[in-house]
Each structure stands twice: as structure tokens, then as C-alpha cells.
Amino acid sequence: MFSMDLKPAPLVKATINVGCGLDIPTGTWHEGKHGEHILNGGLGFVTGITSVGNQFKSTLLHYLMLSAASKIMETHATRLSTYDTETNVHETRLISLSQAFKIFKDRNLIDEGIWTTTDKTVYLGNEYFELIKAFIRRKVKESKKVNTPFVDRDKTSYMQIFVPTFDEIDSLTEFQSASELTMLEENELGDSGANTFHMRSGLVKQRLLMELPALAGSGYHYTLMTAQLGKESAIAAGPMSAPPTKKLNYLKNNDKIKGVTDKFTFATTNCLHIYNMSAMVNQSTKAAEYPIAGQDPMSGDTDLNRLSIRFLRSKSGPSGIELGIIVSQKEGILPSLTEFDFIKGYNRFGISGTLQHYALDLYPECKLQRTTVRSKIDNDPKLRRAMNITSEIAQMKLYMQSEVGDQLMEPKDVYEKIKAAGYDWDFILENTRGYWTLDNEKNPVPFLSSLDILRMAAGKYHPYWMEADKTIKKEYKARLEEYRKANPDELVVNLAE
């Protein structure tokens with residue numbers, strides 16, 4: 001029989017874990033070489049974010065890029081770039097947001113040459129895009145591929161990719177090419193020659209969006225973009241006028257993503273819509289719902305906000321899913337507080353105690369209150385790990401019933417069963433990570449996903465980096481101890497009351 005001599009596409013389109021409740025809804029589980037389960041979810045090759053003005057699009061954009069880059073930089077060097085079309089990005093703000101990640105703490109990624117920021121006073125949009133394309137071509141030609149934890153088609157070797165790199169365009173709505181600028185310069189306001197400006201602008205952006213998926217995918221260059229949301233103008237009006245065509249199921253009829261063409265939703269791996277923002281103010285005290293311990297409460301404090309986000313379109317998970325993400329105007333996106341707020345709102349999933357005094361079932365010795373949870377999250381890595389596991393189990397219950405099946409159980413049962421099986425639960429909370437990295441096994445912190453924790457509780461999995469007696473294997477122990485010596489500030493501070 002004849003066959004076509006075609007080279008297959010990569011088995012897994014690698015999406016990088018970013019946390020903050022965004023991995024499970026966009027992810028699928030893959031079994032690794034040692035029987036472990038790896039979540040391929042989070043940041044895809046092309047990501048779009050849209051909303052009306054002043055709803056933290058840029059802050060979310062930076063968080064996604066920095067969170068993904070922080071995972072990559074645990075094992076390999078990478079590069080980031082930001083193209084500011086609105087000419088209002090401040091480098092001090094970017095560095096402040098980056099330093100929220102432990103790997104970037106006390107570092108200046110811009111001064112180090114890791115993160116390059118530029119704007120359209122330096123490069124017009126077409127010039128910037130040509131530079132990005134040249135970078136990707138050079139990267140593909142000159143770089144060597146590295147191991148992911150995903151098993152390749154031969155069922156034995158690791159799937160390899162180029163080390164991911166990242167860039168963001170903020171915003172695509174204001175992206176402007178040389179031909180557009182010439183058209184504006186040659187025609188005064190009101191001149192008929194300027195009538196085709198928006199058509200020319202649309203064609204430029206349409207071409208960019210058509211080229212991006214293949215470019216990003218071939219070079220593992222992860223691109224993020226924002227776009228402004230506005231209202232669609234009604235050309236015809238009156239009782240007999242046809243209603244506007246609904247172009248996306250989860251976008252209102254008269255809402256329009258401005259100046260980017262419909263390709264903005266078609267070309268993106270995930271397109272996120274921030275459709276609402278509300279200040280998180282406690283109704284009784286009128287201060288922040290989750291205050292910072294030791295800070296004087298201030299009535300009407302609007303630093304803390306909840307963003308209501310909807311997946312307009314997702315190529316790696318279901319569209320239409322809605323999430324709440326907590327953002328501080330000073331500190332940026334708060335992933336662990338977001339996870340806590342989610343499980344609290346999800347029938348207090350994995351939380352025991354009274355409405356005022358409670359604890360996570362996975363970390364019962366750490367006592368929490370509404371007024372202390374934010375500061376305890378900031379200071380206790382074990383609490384952050386327990387929060388992440390709890391929220392991912394809750395999301396698997398919501399979005400992955402058919403995939404995870406009978407392995408799902410309540411966090412309290414997970415805690416009791418794993419301890420009864422002889423595992424050191426404190427060690428798991430303090431010394432494991434749930435996200436994948438490049439050369440996953442060489443990362444000094446052992447890998448243990450939330451699904452594998454469920455499987456451990458069910459007696460279906462034993463970590464590959466553990467001996468039969470449930471102690472850590474010598475090679476992994478040596479790497480972990482060396483890492484702990486180099487990072488003494490990560491040792492847990494016991495904040496249990």
C-alpha cells in the first residue's frame with residue numbers, strides 16, 4: 001500500500017504551567033516515563049487578552065509571561081521581550097511585578113539583558129514583527145532542543161523542544177505599521193485618502209495573526225497580546241434593522257474587540273475576556289477583604305480587586321469557562337490568594353472549621369482567618385503548596401470528572417490516606433512541586449503533580465524519586481540538599497497560631 005512521506009507534528013503542543021487556576025481548565029494529563037502524570041496546561045503558543053480600559057489587561061499579560069518564564073528558568077536560560085504600542089510601560093513597574101516570583105527576587109531582568117522592552121517610538125509594528133521573525137528563524141537554525149517530561153511517539157524517549165522564549169504586544173489595537181503611518185501623514189483629517197486607513201490597518205494585523213501560530217509553534221516562542229474591547233457601531237438603525245451578528249458565543253452582540261480583525265480569536269490558543277472588575281472590600285469593615293497583617297485597615301481601600309474572566313475561545317480546553325482572579329494594584333496578580341478565594345467560594349472545598357477560624361484539610365496545623373490568610377500565604381511555602389493542590393483537586397472535580405474518574409476524593413481523605421500509607425506529608429508540602437520544567441528530573445525540587453497525589457492516596461502510584469521505604473533516593477536527595485543550602489530563605493516559617 002502506498003503511504004505519504006509526511007513528517008508528523010509534535011505529539012504534544014507544550015503549554016507551560018502558570019498557576020492561578022489557569023492550568024487545569026486549559027490542560028490535559030499525560031503519563032510520563034516513570035508513570036507520573038504531567039499536566040500540559042497553562043500558557044499556549046498565542047494568548048490574547050481583551051477588556052475595556054483599566055481592567056488590568058497588562059498586569060495579567062505580564063503575570064502569564066513571567067510565571068511561565070520562571071518555570072523555564074529553573075533549568076534553562078530564556079529571553080523575554082515587550083513591545084509597548086501605547087507608550088506607557090514603566091520599567092520599574094515591570095521589575096516590581098517580576099520580583100514577586102522567587103526566582104526573580106532581588107533581580108533586575110532588564111539590566112541583566114533577559115527582558116527587553118521597547119515601544120513604537122523606536123520601532124513601528126512591522127519593524128518589530130520582522131525582528132521577532134528573524135529571531136525565531138535564527139533560534140530554530142542555531143539552537144539545540146532539550147527534553148520535556150512528555151514521552152515521544154516511540155514511547156521511550158522524551159519529546160524535545162527548543163527552550164521557550166516569550167514576547168508580548170501591549171496592545172495589538174494600537175499596533176501601527178509604516179504604511180499606515182505614511183497614509184496618515186499624507187492625508188489631513190477629513191481627506192478622502194484617509195478613508196481606507198482602517199482597512200489597511202486591518203490587513204496588516206490580519207497578516208500578523210495569520211503568521212503567528214506557525215511561527216510561535218515552530219520556534220516555541222510564546223506570544224501574548226492585549227486588545228481593547230468596545231462597542232460595535234450600528235450602521236443601520238430602526239425597528240426593521242437586523243440585529244448584529246453574534247460572532248462569538250461568549251461575547252455580547254454589540255461588543256467588539258477593536259482594531260484587530262476576527263483573527264484575534266481564531267489565531268489565539270486561548271483568548272481571555274476580563275468582563276468585570278470589582279473591589280474586594282469587606283462589607284462590615286469597609287477595608288480590604290483580605291488585608292495585610294500589621295497594616296492599618298483603611299475604609300474604602302480599593303487596592304484589592306477581583307477580575308471576572310471568561311475564556312472566549314480555547315483550543316486546549318473548553319470555551320466559556322469563567323474564573324475569578326485576584327489582583328492587587330500594588331503587587332499585581334496574587335495566584336495563591338486567588339486559589340484560596342476559589343475554594344472558599346466553591347462550598348469551602350477542602351476547608352474545615354468555623355466561618356471565622358478555619359484551616360485547609362491538607363495543612364490543618366496552619367490556622368487561618370480572613371484577616372490573616374493573605375500574610376500567611378506570603379510567608380509560608382507549605383501553605384501555598386497545600387492551597388495549589390486543593391484548588392487543582394477542586395478544578396479536576398469541576399472540569400475533569402471523566403478524565404480523572406474514581407481517583408477523585410476529598411482533600412481530608414487525601415491527607416489521611418497518604419499519612420496512613422507511611423508518607424511524610426510535611427516533606428511533600430515543603431519539598432515538591434506540581435508544575436513541569438525542562439529536564440524535569442534534573443530540577444532539584446522533586447516533581448509530584450496534584451493528580452499523582454490523588455493516585456498516591458488511592459494506592460495507585462509511588463513517586464519514582466522515592467525508595468520503597470518512602471525515603472528520597474540518594475541522587476534526588478543530594479540535589480535537594482544542595483538547593484536548600486543555596487536557598488535558605490525558602491525554609492518554612494511556621495505561622496500556625
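**Notebook: salt bridges and a helix pair**

I looked up D452 and noted that D452 is buried, at a relative accessible area of 0% (buried is under 20%, exposed over 50%, partly exposed in between, with a 1.4 Å probe and protein chains only). The model is predicted: local features need pLDDT of at least 70, side-chain atom pairs count only at pLDDT 80 or more, and totals for chains, interfaces and linings use all residues. Residues are numbered from 1 along each chain as its sequence is written, and side-chain values use heavy atoms, without hydrogens and water.

I then searched for salt bridges (a side-chain nitrogen of Lys or Arg within 4 Å of a carboxyl oxygen of Asp or Glu) and recorded 13 in the structure. D452 pairs with R455, the closest N and O atoms being 2.6 Å apart. R455 is buried as well, with a relative accessible area of 10%. Both residues lie in helix α13, three residues apart, and are therefore separated by about one helical turn (helices are DSSP runs of H or I, at least four residues, numbered from the N terminus).

K133 is buried at 7%, whereas E130 is partly exposed at 40%.

Finally, I examined helix α13 (residues 450-457) against helix α9 (residues 381-399): their axes come within 9 Å and cross at roughly 85° (axes are lines fitted to C-alpha atoms, over the stretch in contact for helices, and angles run from 0 to 180 degrees between N-to-C directions). The two helices are therefore roughly perpendicular (65 to 115 degrees; under 35 is roughly parallel, over 145 roughly antiparallel and the rest oblique).
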